[in-house]
Structure formats: structure tokens, C-alpha cells
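Trainee: I have a model open and would like to learn how to read it. Where should I begin?

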Amino acid sequence: MRANVRINEMASSNNTGSNEELTPSVEETLLNESGSIARVKSFSWIWFINKERIHDIDPVQCGKWMFFFSPFKTALMDDIVGTAVLDGVVVEAKYSNPETLIAAGSKQGVCCFYLNGNDKESHKRVLSYMLENGLIRKTKTGKLYNISFKFDSETYAGKYKGSGFSGKIKLADFVDLETGEFI
């Protein structure tokens, strides 16, 4: 079920608004010999998916840790996001297609690392990866921002930070924001 939801979402995210192209297209590149890990590029997103483990993600519990990036600083995005899936940090991750962001004049893209919200070990694994790769911003005083985990159900319900959204699961539940050490 989860794989089909993602494939459909990938295809529909390619809608450019043109009536000429009725069937959205995606480019899929297999990244390992078994063909279980794929990079999928659509108009809006670049996905990395472990097809053998995609059913580990529970559609009810699924959510993501996110970070934001400049579309002009994307040289390492494939490496950061792809490595997270190839190394088993997450089963699935995506980031905004930089070409589309630049063409639209967007100043910011988003990257999402997907996992089950009730899986504490997965949270620690993802947050460790994000910290090791400098993906969590710091305040002027050097303290980590207390970012939130966001369930997909919250996204689908239209809950966003600008509209008063505050996640139930926060970085401070796992990490000392002053030291960056796990608690």
C-alpha cells in the first residue's frame, strides 16, 4: 500500500499545469545491483526509496524530519539523501527538485526523511544522521533549533508552522539542544 501511495504521489506531483501532457512522467534510476533502491525524479521531487523495505512504513504512523535548503546549494543533496536510504538510515527520503525551484524563483526547498513516528530507534538514527551532516540549523548562540517531527496525516490536514502547527515530537525529546548530545 505505501509503495503504491508514493508512486501515485510521485506521478501526480509532476503536473506542470499543461493540458498537453495528461500522463505525468517520472525518471527512475536503480542504485544497487538488486534493484531494490531507486532514485525517482519527478517535476516536483527527487525521491530515494528502498523498495524491499517500503512496507516497513506504516501509513498511519508515517511522518518526517525535515530540513530546508537553498536551491542554489544542491550539489550534495543527492549524496546526502541517497546515502540515507542506501545506508539504511531511512527507507524513504525526498527533496524538492532544484530545477523546478529555480525555474519558479523559489528561494527554499525542503528535504524529508520518512519513518514511523512510534519508532524511537529510527528517530535516533535519523537525528544522528542529520546532526552528523550539519542538517539541523543553530541559533546565533549556537543552540540547535528545536525542530519538529511531522506526521503525514498533519500535512494532509493542511497543518503548517505558519498556521500555528507545533509538532508533538521535538528534537529536544532526543537531544540536548545546547550540547547536541543525545539524552
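Mentor: Begin with burial: buried means under 20% relative accessible area, exposed over 50%, and partly exposed in between, with a 1.4 Å probe and protein chains only. Of the 183 residues of the protein, 43% count as buried. The model is predicted, so local features need pLDDT of at least 70 and side-chain atom pairs pLDDT 80 or more, while totals for chains, interfaces and linings use all residues. Residues are numbered from 1 along each chain as its sequence is written, and side-chain values use heavy atoms, with hydrogens and water left out.

Trainee: How many helices and strands are there in the protein?

Mentor: Helices (H or I, at least four residues) and strands (E, at least two) are DSSP runs, numbered from the N terminus. The protein has 5 helices and 8 strands, and along the sequence they follow the pattern α-β-β-β-β-α-β-α-β-α-β-α-β.

Trainee: In what order do the strands form the sheet?

Mentor: Strands of a sheet pair through backbone hydrogen bonds, either parallel or antiparallel. Two strands count as paired if DSSP finds at least two bridges between them. Here 8 strands form an open sheet in the order 1-2-3-5-6-4-7-8, with antiparallel pairing. Strand 1 and strand 8 stand at the edges with a single partner strand each, so one side of each has no neighbour in the sheet. Strand 7 and strand 8 run antiparallel and are joined by 2 bridges; Ser148 stands opposite Lys170 in strand 8.

Trainee: Which residues of helix 4 are buried?

Mentor: An α-helix has 3.6 residues a turn, so residues three or four places apart point the same way. In helix 4 the buried residues are Ser122, His123, Val126, Leu127, Tyr129 and Met130. Seen down the axis of helix 4, they fall within an arc of 155° (taken from the directions from the helix axis to the C-beta atoms), so they line one face. The face turned away from that buried side carries the exposed residues Lys120, Glu121 and Glu132.

Trainee: What do the buried residues of helix 4 pack against?

Mentor: Contact means heavy atoms within 4.5 Å. The buried residues of helix 4 pack against strand 4 (62–69), helix 2 (77–86), strand 6 (109–116), strand 7 (148–151) and strand 8 (169–170). Helix 2 has buried residues of its own: Met77, Ile80, Val81, Gly82, Ala84 and Val85. Their cover includes strand 2 (37–41), strand 3 (45–50), strand 5 (92–96) and helix 4.

Trainee: What is found at the ends of these helices?

Mentor: A polar contact is a pair of N or O atoms within 3.5 Å; within protein, one must be able to donate a hydrogen and the other to accept it, and residues adjacent in sequence count only if both atoms are side-chain atoms. At the start of helix 4, a side-chain oxygen of Asp119 comes to within 3.3 Å of the backbone nitrogen of Glu121. Gly134 follows helix 4 and has a positive phi, near 65°. Helix 2 is followed by Gly88, where phi is positive, near 80°.

Trainee: Which residues is Glu28 in contact with?

Mentor: Glu28 is found in strand 1 (residues 27–30) and, at 42% relative accessibility, counts as partly exposed. Neighbours within four places in sequence aside, Glu28 is in contact with Ala38, Arg39, Val40 and Lys51. With Lys51, the side chain of Glu28 makes a polar contact, side chain to side chain, at 2.5 Å.
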